[in-house]
Number of protein chains: 2
Amino acid sequence: MAGEDDIRAAERAVQWPDAMDAELIFVGRIHSPWTSRIDCPRQGRPDGPVCRIEIFEPWQQALEGIGDYARLEVLYWLHRSRRDLVLQSPRNDGVTRGTFALRSPVRPNPIGTSVVTLLGIEESMLLVRGLDCLDGTPLIDLKPDRGLFTPLAPPTPGDADVGDP
Amino acid sequence: MAGEDDIRAAERAVQWPDAMDAELIFVGRIHSPWTSRIDCPRQGRPDGPVCRIEIFEPWQQALEGIGDYARLEVLYWLHRSRRDLVLQSPRNDGVTRGTFALRSPVRPNPIGTSVVTLLGIEESMLLVRGLDCLDGTPLIDLKPDRGLFTPLAPPTPGDADVGDP
């Protein structure tokens, strides 16, 4: 039986580089109903099950004020994904597409992003809807949804820069 | 004169952990009109200047099919940001907010996300509008905008999971 990480017909892997460029720290962990990759939804849905986002110390203080936002952008590390495919065949039919033209978890930097609805906060745990990831997925970042956020810092000259139409 | 990386009144830094959890690879570089942090816009705008996203080898093949999407999500590494602040004072007035309730570049994993309009592709270079980052910012990932993307892979059981209302 083929494994979940096998390469499919016409998919293309590249040689993985020797050196990496930057380091991440996991700031929390996502608790979801999905414990196998086969069951995980392809994309989160706004009426999906409630998931919990646990924030680790010392980052819990960074939640201050987050309750002001009804929607959050969540970044997470797709820790079970291979990273070396440039062409993928999502239907396993020999037809391929570039990794950057897919939202597949398989990518050179396996970072998933979702926009979730914030339902509640219980100490260092956020209750949200809209995720699509495995139980235990490491959390990288949380931000207010860009559509809801107005910068608090003073404007900069670049704020007024527009391009040729 | 205070430096750009100084901590402000009432801001709070945490002890940076000894060990990191995951590694990133830079897959390209963003060319923008902004060469100093003071000039960078606080947020990208849809009518902003044209920026160029350069893709490095061996990731250029991963662009195959990206021209089908009018909007892309771009993830980049905010390489000039300090990472240890949990409370920030964007107006420098002693009033603070948690880092996760801000879209500030200062965050434990300094990853910026923008949604851009794809204007054109010239070999391994994408022309886009809507970015807000410094010239030379390292690229981490490109994905079709979630609102435009329909998964190509077959559905999974989790796709049908909904929660209590």
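Predicted model: local features only at pLDDT ≥ 70, side-chain atom pairs only at ≥ 80, totals over all residues.

Visitor: How many residues of chain A and chain B are in contact with each other?
Guide: On the side of chain A there are 81 residues in contact with 81 residues of chain B, where contact requires heavy atoms within 4.5 Å. Between them the two chains bury about 7,700 Å², with 57% of that area on carbon and sulfur atoms. Arg42(A), Phe100(A) and Arg103(A) supply 11% of the area that chain A buries against chain B, which is more than any other three residues give.

Visitor: Which elements give two or more residues to the side of chain A that touches chain B?
Guide: Those elements of chain A are β2 (22-24), β5 (71-77), β6 (85-88), β7 (97-98), β8 (111-122) and β10 (137-144). Sorted by class, this side of chain A has 45 nonpolar, 13 polar and 23 charged residues.

Visitor: Why is Glu73(A) called buried?
Guide: Buried means under 20% relative accessible area, and Glu73(A) has 2% relative accessibility, so Glu73(A) counts as buried. The side chain of Glu73(A) meets that of Arg103(B) in a salt bridge of 2.7 Å, N to O. This pair crosses between chains, running from Arg103(B), in the loop between β7 (97-98) and β8 (111-122) of chain B, to Glu73(A) in strand β5 of chain A.

Visitor: Is Arg103(B) buried or exposed, and how do you know?
Guide: Arg103(B) has a relative accessible area of 16% and is therefore buried, since the limit for that label is under 20%.

Visitor: Why does the pair of Arg97(A) and Asp68(B) join two chains?
Guide: Arg97(A) lies in strand β7 of chain A, whereas Asp68(B) lies in the loop between β4 (50-55) and β5 of chain B, so the pair joins two chains. Arg97(A), at 13% relative accessibility, counts as buried, whereas Asp68(B), with a relative accessible area of 57%, is exposed, because the label exposed requires a value over 50%.

Visitor: Why does Arg45(B) count as partly exposed?
Guide: Partly exposed covers the values between the 20% limit for buried and the 50% limit for exposed, and Arg45(B) stands at 30%, so that label applies. Arg45(B) forms a salt bridge with Asp47(B), the closest N and O atoms being 2.7 Å apart, and Asp47(B) is likewise partly exposed, with a relative accessible area of 36%. Elsewhere, salt bridges that share partners join Glu73(A), Arg146(A) and Arg103(B) into one network.

Visitor: What makes β5(A) and β8(A) a pair of strands?
Guide: Two strands pair if at least two bridges are found between them, and β5(A) and β8(A) have seven bridges, in the antiparallel sense. In β8(A), Ile111(A) is the bridge partner of Trp77(A). β8(A) also pairs with strand β9 (residues 125-129) of chain A in the antiparallel sense, over five bridges, and there Glu122(A) stands opposite Met125(A).

Visitor: How do you know that Ser114(A) is buried?
Guide: The relative accessible area of Ser114(A) is 4%, which places this residue among those called buried, given a limit of under 20%. Ser114(A) lies in strand β8 of chain A, and its side chain makes a polar contact with the side chain of Tyr76(A) at 2.7 Å.

Visitor: Why is Arg82(B) called partly exposed?
Guide: With a relative accessible area of 24%, Arg82(B) is partly exposed, because buried would require under 20% and exposed over 50%. Arg82(B) is found in the loop between β5 (71-77) and β6 (85-88) of chain B. The side chain of Arg82(B) reaches the backbone oxygen of Asp5(B) at 2.7 Å, and a polar contact of 2.8 Å joins the side chains of Arg82(B) and Asp84(B).

Conventions: Residues numbered from 1 in each chain as written. Chains lettered and ligands numbered in written order. Heavy atoms only, no water. Buried area = accessible area lost by both parts, 1.4 Å probe. Helix = DSSP H or I, 4+ residues; strand = E, 2+ residues; numbered from the N terminus. Nonpolar A, V, L, I, M, F, W, Y, C, P; charged D, E, K, R; others polar. Buried < 20%, exposed > 50% of the residue type's maximum accessible area, 1.4 Å probe, protein only. Polar contact = N/O pair within 3.5 Å; in protein donor to acceptor, adjacent residues only side chain to side chain. Salt bridge = Lys/Arg side-chain N within 4 Å of Asp/Glu carboxyl O.
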